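Topics are taken up in turn, beginning with the ligand.

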Amino acid sequence: MNNTPWSQANQALKESHYELLCLTATADDTITATWLNPADGSQQSLNVPVIDQHFPSLTPTLLEVAWDEREIHDLFGYLPEGHPDLRPLVRTPRWPERFFPLKNASVDPPPWRALEPDNPAVTVQGEGVTIMKVGPSHAGIIESGHFIFSLIGENVLHLDAHLFQNHRGVEAQLEGLTVSEVAPLISRLCAADTVSHQTNWALAVESLSDFEASQTLEWRRIVLLESERILSHLNDLAQIPAGVGFQVAHQRALAIKEYWQRGLLLIYGHRFLFDTVKPGWAHPGSAEDMIALLDAMAPKWKAWRALVEGHHGFQDRMEGVGIVQPIDAVHFGAQGVAARAAGKAFDARTVLPWYRSFDLQPSISLAGDVKARFSVRLNELDESFRLVEQACTLLRQKGNLLAGNDLTQGASGRVITFTESPHGLNVHDVVLNAGHVTRYHVRAGTYRNWPLLAKTVAGNTVADFPLINKSFELCYSCNDR
Amino acid sequence: MTKTQRSLQIRHVDGGSCNGCEQELAALTGPDYDMQQFGLDIVASPRHADALLATGPVTDTMATAVERVWDAVAAPKLRIAFGDCAAGCGVFQHAYASHGGLDDPDLVIPGCPPDPKAVIQVLRQWLKANALPS
Ligand code: SF4
């Protein structure tokens, strides 16, 4: 099974350090793997046909697609032959047996079965092992996920993370929509990565319409994308001290985040930047107001950074906890901060041509622990402040080019677009037919990091889980869709 | 329970939100809005709660959990739909695995996501005007 031409071809690209953008199934019985060459930004797509509902699994040789193939199995009914773990991922026992929402034409709510939604969990058996179940509803204000821990004493032996509690069926809902109907849904896929999702959709339509973005439009998008990174990183940085009871740092970070959001509300009309990027368009904002906001933020941010970096107890608490091995970051296809804090240097911004003149300095660490993820985020936040300022300065000097109009016309074709969201490489695989969506697949930044988080937690104490979890700070919404 | 009720302890459940509603709830408990000063708080257990607050369009997978949490809250109690998704007017309510919002809410707080200042206003007004439904 491991030696099919399909698996060899994919394997070869992985070994040449290509980055897997997405593994997508389409209802015409085809599986497509699309890879990115990080050296020049070119893409390479490979296909395999689905024959009699079967296709050869890549998972035995390409660990990172284990979830993708389970998802395809659940939503299309295509069976990845040779997959070592075909437990349901998205579907639950409540789903009718022959209901495959992305394969069957009808996407009406099916007659759900009167069963519990829980899928079988992998647990450790043996003397002294206890099973601790957490979720899907939680004691704090967090998204829904179900975590099944196997513990021995305080130590985590295994974590089985059952996500997709928030699965709404967005990809199926998008099918059939027109270009102008898509934008509000994509904008609300995930509040933490909304600008990144909106930009991916805009890039898709623009590419299929042969629209050429002006520099003004590109700079506006950089301001928005980096403003979102500042917002999300502030939120995520605030959570890490909360995980160890360092309340002063937690509350102060929330206050800084609030200050930033009030600025965004004034400049862009929304506290999370919903509906600020569309095909052919980006919210103009005001470069002057943004620069003023940056100036007002700087002392608050510097004081907070000094507080957390100067607190030895806090720094010690993070060190050596939740270590991601660099080899795992590669095998799991890790993305974003979790990957860069474990030595995997990939940042999608370095291959996007419109970022090229900004001389981005990716922040890397080799340690792979909570402390490394924390400090990579600190550095990235400072870098985003710099990028926003640089783009705003350009906009002030020569940003009066026409920034384009809303594109709503009937494009056709398939395109794969990506940006670096605050949570990592975010990919959209879009198929349009005369301006209508016929397939829309979203591979969010967190998707490959969830299985890596589960692996990382094993070997740590259960009390470290909140800390490790918050240092990854993976969102659920665009993962579950 | 009478109309002089001064506080409302809330148990939150995410029914498939985009996390925008969660982030605003977190802001409400932060230093700028500090909802606790008005007797409003998010609590860890439904046993300590007077109200269930759901966000999101209520996915099929979370529908059972939402109702179980509701059952665990002692009466008199309140059902709050927080945000357009839970209120049944969000963008994902027609997705196949979405139940289209929280069933039978006593109180709807609209917005995508609701503005934190408005949330405090709505909850305080509600407390002034109403007793918890038994
Ligand atoms: S109402 Fe808006 S912010 Fe709240 S969960 Fe729905 S889409 Fe997100």
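By class, the residues in the shell around the ligand comprise five nonpolar, three polar and two charged. The model is a predicted one.

**Ligand site**

- The ligand is located between chains A and B.
- From chain A, the surroundings of the ligand include R188(A).
- From chain B, the ligand is surrounded by S17(B), C18(B), C21(B), G83(B), D84(B), C85(B), G111(B), C112(B) and P113(B).
- With three residues, helix α3 (residues 83–87) of chain B gives the most to this shell.

**Cysteines**

- C18(B), one of the residues around the ligand, has a relative accessibility of 12% and therefore counts as buried, the limit being under 20%.
- C21(B), also part of the ligand surroundings, counts as buried because its relative accessibility is 10%.
- A disulfide is a covalent bond between the sulfur atoms of two cysteines.
- Taken over all chains, the number of disulfides is zero, where a pair of cysteine sulfur atoms within 2.5 Å would be counted.

**Helix α2 of chain B**

- In helix α2 (residues 60–72) of chain B, the buried residues are D60(B), T61(B), M62(B), A63(B), A65(B), V66(B), V69(B), W70(B) and A72(B).

**Helix pair α6 and α14 of chain A**

- Helix α6 (residues 215–242) and helix α14 (residues 465–472), both of chain A, have axes that come within 8 Å and cross at roughly 170 degrees.
- Because angles over 145 degrees count as roughly antiparallel, α6(A) and α14(A) are roughly antiparallel to each other.
- On the side of α6(A), the contact is made by D236(A), Q239(A) and I240(A), and on the side of α14(A) by L467(A), K470(A) and S471(A).
- The residues of this contact between α6(A) and α14(A) divide into two nonpolar, two polar and two charged.

**R98 of chain A**

- R98(A) is placed in the loop that lies between β5 (79–81) and β6 (129–134) of chain A.
- The relative accessible area of R98(A) is 61%, so this residue is exposed, the limit being over 50%.
- Along the chain, R98(A) and R271(A) are 173 residues apart, and their C-alpha atoms are separated by 42 Å.

Note on methods
Residues are numbered from 1 along each chain as its sequence is written. Chains are lettered from A and ligands numbered from 1 in the order in which they are written. This is a predicted model: local features need pLDDT of at least 70, side-chain atom pairs count only at pLDDT 80 or more; totals for chains, interfaces and linings use all residues. Side-chain values use heavy atoms; hydrogens and water are left out. Axes are lines fitted to C-alpha atoms, for helices over the stretch in contact, and angles run from 0 to 180 degrees between N-to-C directions. Helices (H or I, at least four residues) and strands (E, at least two) are DSSP runs, numbered from the N terminus. Angles under 35 degrees count as roughly parallel, over 145 as roughly antiparallel, 65 to 115 as roughly perpendicular and the rest as oblique. Contact means heavy atoms within 4.5 Å. Ala, Val, Leu, Ile, Met, Phe, Trp, Tyr, Cys and Pro count as nonpolar, Asp, Glu, Lys and Arg as charged, and the others, Gly among them, as polar. A residue is near a molecule or strand if one of its heavy atoms lies within 4 Å of it. Buried means under 20% relative accessible area, exposed over 50%, partly exposed in between (1.4 Å probe, protein chains only).
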